[in-house]
Structures are given as C-alpha cells and as structure tokens.
Amino acid sequence: MNIKFQNELGAELAALKAAGTLKTFHSIQSPQGPVVRMDGHDEVLVLSSNNYLGLSDNPKVVEAGIQALKTYGAGTGSVRFICGTFDIHRALEKDIASWVGCESALSYVSCWAANEGLIPTISGEGTVILSDELNHASIIDACRLAGKTTKRMVYKHADLADLRTKLRENKDAKRLIVITDGVFSMEGDIAPLADLVKLCEEEDAILIVDDSHGTGVLGKTGRGVAEHFEVLGKVDIITSTLGKALGGAAGGFVAGPRQLIDYLEQKSRTQLFSNALPATVAGSAHEALLQLKAHPELVSTLQENSRWFRGRLKESGFDPLDGESAIIPVILGDTARAIRFSNELLKKGIFVTGFGFPVVPEGKARIRIQISAAHTRDQLERVLAALVEVKASGV
Ligand code: PLP
C-alpha cells in the first residue's frame with residue numbers, strides 16, 4: 001500500500017472540500033423521471049437530467065430491454081469481430097442511420113467511446129482538425145488521441161470567419177476535418193450548422209457533428225440539429241449518444257457514409273478492443289427510437305416546455321443564456337456560489353446541478369437547468385418559485 005500516494009489524493013480532496021467545490025453524489029432509489037426518490041430528501045423534482053423525452057422509465061422501453069436480455073443474455077462475450085454481432089445491434093444501427101439522414105451507423109458503448117473511436121482513426125499524417133473551442137471533453141480528448149502527426153487547431157466558438165481563415169491557412173492539408181457539438185452542453189446554444197455545412201463544402205473539409213444534446217431534442221421530429229437547420233443528409237459524419245433523450249441508459253454511435261462505417265469496423269480501437277453495447281441496452285435504445293418516431297408530440301412538448309420556461313425565467317428576474325435547446329444555464333459567478341445555489345434548491349426539493357471550474361471557465365460558474373417533455377407546467381412553476389426564493393435569500 002502506498003500511503004504517500006493516498007495522502008496526496010486525500011489532501012487534494014480536502015482542498016476541494018475547503019473551497020466548497022467538492023461534488024456530491026446523491027443516491028436515488030427510483031427510476032429517472034421528473035420526480036425521483038432521493039436519500040435524505042424524499043421526493044425531488046429533477047431538472048438536471050438528460051432524460052429529455054421522459055423515455056428512461058417508459059414501460060415499452062424497459063420491456064424491450066428485458067426482452068433483449070432474455071433473448072440475447074447478459075453478456076456480449078467479447079468484441080463483435082471476435083465472437084459475433086447480435087441482430088439487435090444491426091437493427092439499431094440500420095434505424096439510427098436512416099433516422100439521422102446517413103447511409104450507415106455503428107454503435108459504441110458510449111458517445112465518448114464513439115468520438116474516441118472515430119477521430120483518431122480518420123486522422124494522422126497530413127490531417128488538420130479544427131475543433132470549436134467549447135466542444136465537449138470527449139471531443140477534446142479524442143482530438144488529443146489523434147497524436148502528434150495530426151495538426152490540431154481550435155477555432156473561436158461558432159465563429160465562421162475564424163474557421164474560414166484557419167481552413168484556408170491549411171488548404172494544402174491532405175485531410176481537413178471540422179468538428180463541433182450540435183448543442184453545446186454547458187451553454188445550451190446551437191452550432192450554426194447550415195453555415196458550417198456550406199463552409200465545409202466550399203473548403204473541401206469533412207464536417208463532424210456530435211449531436212448528443214440535439215438527438216431527440218431539435219428538429220420537428222427530433223432528428224437533431226441537422227433537421228433543425230434543414231440540412232439532413234448533408235452532414236458528413238454524426239456522432240451522438242443513446243444515453244440522453246433515447247432512453248438514457250448508455251451507448252453512442254457514429255453515422256456516416258458506408259465506407260466510413262466499414263473502415264471503422266476494421267480500424268476503430270474502441271470498437272476492436274472493447275465489448276459491444278450490452279444487448280439489453282441496444283434493445284431499450286431501439287425501442288426508444290421507435291417511441292420517438294411514433295410520438296413526435298414528445299419532441300414538440302419538450303420544445304414548448306423549454307420555450308415557456310425560458311420566458312418565465314426572464315419574467316422572474318433571471319438572465320438565462322439565450323438558446324433554443326432544452327439546456328438553460330443561469331450564470332452565477334464563482335464555483336462555490338453555483339454549488340451553494342444548487343444545494344439550497346435541493347433543500348426545497350429541486351435538483352439542479354451547479355457547474356464550476358474546470359468544467360466551465362473561472363467566474364462563469366452556473367446552474368444548468370434541463371427541461372424534459374415529462375415535466376408538467378405545475379412542476380416547472382414550482383421550480384421557478386424555488387429559484388426566486390433562493391435568489392432572494394442572497395445566496
Ligand atoms: N458528447 C457530448 C456533446 C456530450 O454532451 C456528452 C455527454 O455529456 C457526451 C459526448 C458523452 O456521451 P456518453 O455519456 O454517451 O459517453
């Protein structure tokens with residue numbers, strides 16, 4: 001046992017606690033939903049979950065998981081090329097691909113694994129990657145994994161002029177890749193996708209969009225940011241998660257041209273050296289997709305709830321960041337304040353997470369409110385009342 005090592009970690013944790021920035025892990029005893037049972041708080045209203053469509057505990061989604069567990073068993077046995085690919089993976093991938101307007105798709109155990117399985121695999125000598133400065137951590141890490149032979153550049157957030165300049169500076173590269181979040185997870189704003197598609201076409205760059213917070217949320221029928229901007233079928237590569245609007249269990253995917261998916265099946269390290277998505281999760285995600293297709297009113301309810309809540313927040317004296325997604329951040333300043341604010345809300349039975357440095361820049365700590373189609377207007381009014389009270393208490 002290395003005591004020195006343990007003491008070093010302990011000292012860092014104690015420093016986080018002293019600074020008021022230590023994260024708390026709340027234990028819940030019920031399915032994710034608009035209301036959960038939480039240790040020490042009885043029933044709590046949840047405004048910090050990615051369960052955007054309320055599908056996490058949808059009986060059909062749960063039942064599909066149980067049926068897949070019974071049909072295919074608990075284990076995948078190994079990676080897909082070694083011991084076989086279940087039908088349910090293929091069915092899921094086929095439906096995902098057509099849903100997001102791509103030729104083909106490949107599932108992964110998470111979107112994190114999808115990004116890490118994609119970006120380094122299509123990069124290397126002569127490749128230049130241009131990444132939005134506010135992209136998700138999984139994209140940042142995946143770009144780093146692309147290694148020293150890949151030139152990595154960051155463009156200013158959603159800034160097409162800056163991106164164009166950088167693309168032109170690198171026009172002789174063997175391969176130009178632009179990568180952006182569809183919805184930026186900490187800001188809730190949406191990438192200017194129609195303009196990005198046009199620019200990438202003009203500059204002969206490959207466009208990758210991680211639509212984790214857009215899938216099931218944006219567009220008339222929830223097909224995501226490409227549907228929102230009416231550019232379905234025009235984005236080269238889409239990655240996304242199955243762990244948010246699509247049931248919220250786990251899983252992710254890469255969707256794109258057939259040749260890309262064939263290539264990833266041969267070369268993608270998180271595909272070749274890691275087990276497949278558990279069949280039960282694939283079954284639930286597949287049913288969640290069917291539910292989404294059958295119930296477009298889930299998407300319109302989510303969009304109406306989000307619009308309504310933003311408006312009421314402003315009427316109540318708050319200044320949320322602008323946007324059209326289901327992520328509504330309210331900037332509070334320093335990290336400790338955001339965490340205190342969140343703790344006070346929890347005492348009132350409202351679960352909204354506070355985010356601080358290093359997840360967001362110093363001084364821009366925030367609470368991030370996430371809306372679901374499953375929230376009722378009464379529940380959202382309760383949240384507003386609690387927000388007003390906590391603000392008035394001077395936290
Ligand atoms: N990409 C983005 C933009 C995200 O917001 C997230 C989750 O927060 C992920 C990837 C990771 O998704 P997963 O939980 O499926 O790994």
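Which residues are closest to the ligand? Among the 13 residues that surround the ligand, the closest are C111, D210, H213, T241 and K244; a residue counts here if one of its heavy atoms lies within 4 Å of the molecule.

Before going further, a word on the model: it is predicted, so local features need pLDDT of at least 70 and side-chain atom pairs count only at pLDDT 80 or more, while totals for chains, interfaces and linings use all residues. Residues are numbered from 1 along each chain as its sequence is written, and side-chain values use heavy atoms, with hydrogens and water left out.

D210 places a polar side-chain atom 2.5 Å from a ligand nitrogen. The protein buries 80% of the 400 Å² that the ligand exposes when taken alone (Shrake-Rupley areas, 1.4 Å probe).

Now follow the strands (DSSP E runs of at least two residues, numbered from the N terminus). Three of them form an open sheet with mixed pairing, in the order 1-2-11. Strand 1 (35–38) and strand 11 (350–351) are at the edges, and each has a single partner strand, so one side of each lacks a neighbour in the sheet. Pairing requires at least two DSSP bridges between strands; strand 2 (residues 42–46) runs parallel to strand 11, joined over two bridges. Here V46 sits opposite F351 of strand 11.

Technical notes
Helices (H or I, at least four residues) and strands (E, at least two) are DSSP runs, numbered from the N terminus. A polar contact is a pair of N or O atoms within 3.5 Å; within protein, one must be able to donate a hydrogen and the other to accept it, and residues adjacent in sequence count only if both atoms are side-chain atoms.
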